[in-house]
Amino acid sequence: QARARAIELGVADRVEFVHGDASGHVADEPVDLAACVGATWIGNGVAGTVELLSRSLRPGGLMLIGEPYWRRTPPDQETAEACHATSVADFLPLPELIGQFHDLGYDVVEMMLADQDGWDRYCAAQWLNLRRWLDRNPNDEMAPEVRAELTTEPARYARYLREYLGWGI
């Protein structure tokens with residue numbers, strides 16, 4: 001779909017899509033834009049991902065990183081885990097996340113944050129996909145697991161993620 005969209009936009013000759021393990025990927029030649037959207041585990045966190053992406057970036061190029069942050073600091077371990085974190089230390093509040101980029105020697109020059117309505121649409125689309133998958137695959141061996149996720153995720157999202165976890169680029 002990405003390749004088809006690049007053709008549609010008339011930029012297919014200027015972009016390359018690489019599908020594979022990004023944890024050690026370095027471009028063959030320096031690039032204008034290096035991006036990691038929501039997967040900083042490839043560098044074992046923000047600092048490592050910045051270092052990894054910088055190896056592919058030309059001087060003066062831009063780096064785009066998507067990362068979760070705490071909208072509100074979770075009051076306890078249960079809340080952090082309900083937000084897909086192993087502990088409160090997994091994510092930073094937004095001001096500290098921005099400061100981390102400065103500490104790593106980079107300037108934040110643009111920012112786009114998901115608002116709660118955007119989070120709602122993003123998560124609800126996942127629930128709709130789960131529902132549709134269950135309708136098409138009622139006897140699949142994964143159906144009980146998918147059913148359990150669809151049963152618990154909307155309430156968990158409303159109780160925890162919506163209030164505590166943000167995401168931005």
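This briefing covers the fold, surface and nonpolar cores of a predicted model. Local features need pLDDT of at least 70, side-chain atom pairs count only at pLDDT 80 or more, and totals for chains, interfaces and linings use all residues. Residues are numbered from 1 along each chain as its sequence is written, and side-chain values use heavy atoms, with hydrogens and water left out.

**Fold**
- The protein has six helices and three strands, taken as DSSP runs (helices H or I, at least four residues; strands E, at least two) numbered from the N terminus.
- Their order from the N terminus is α-β-α-β-α-α-α-α-β.
- The C-alpha atoms fill a box of roughly 50 × 40 × 30 Å along the principal axes.

**Burial and surface**
- Of the 169 residues, 28% are buried, meaning under 20% relative accessible area with a 1.4 Å probe, protein chains only.

**Nonpolar cores**
- A nonpolar core is a set of buried Ala, Val, Leu, Ile, Met, Phe, Trp, Tyr and Cys residues joined through side-chain atoms within 4.5 Å.
- The largest has 19 residues, and W70, C83 and Y157 touch the most other members.
- Elements giving two or more residues to this core are α3 (77-82), α5 (116-136) and α6 (143-164).
- The most come from α6, with seven residues.
- Beyond its neighbours within four places in sequence, C83 contacts W70, F91, Y160, L161, Y164 and L165; contact means heavy atoms within 4.5 Å.
- A second, separate core of 14 residues includes V50, L52, Y69 and L94.

Notes. Buried means under 20% relative accessible area, exposed over 50%, partly exposed in between (1.4 Å probe, protein chains only).
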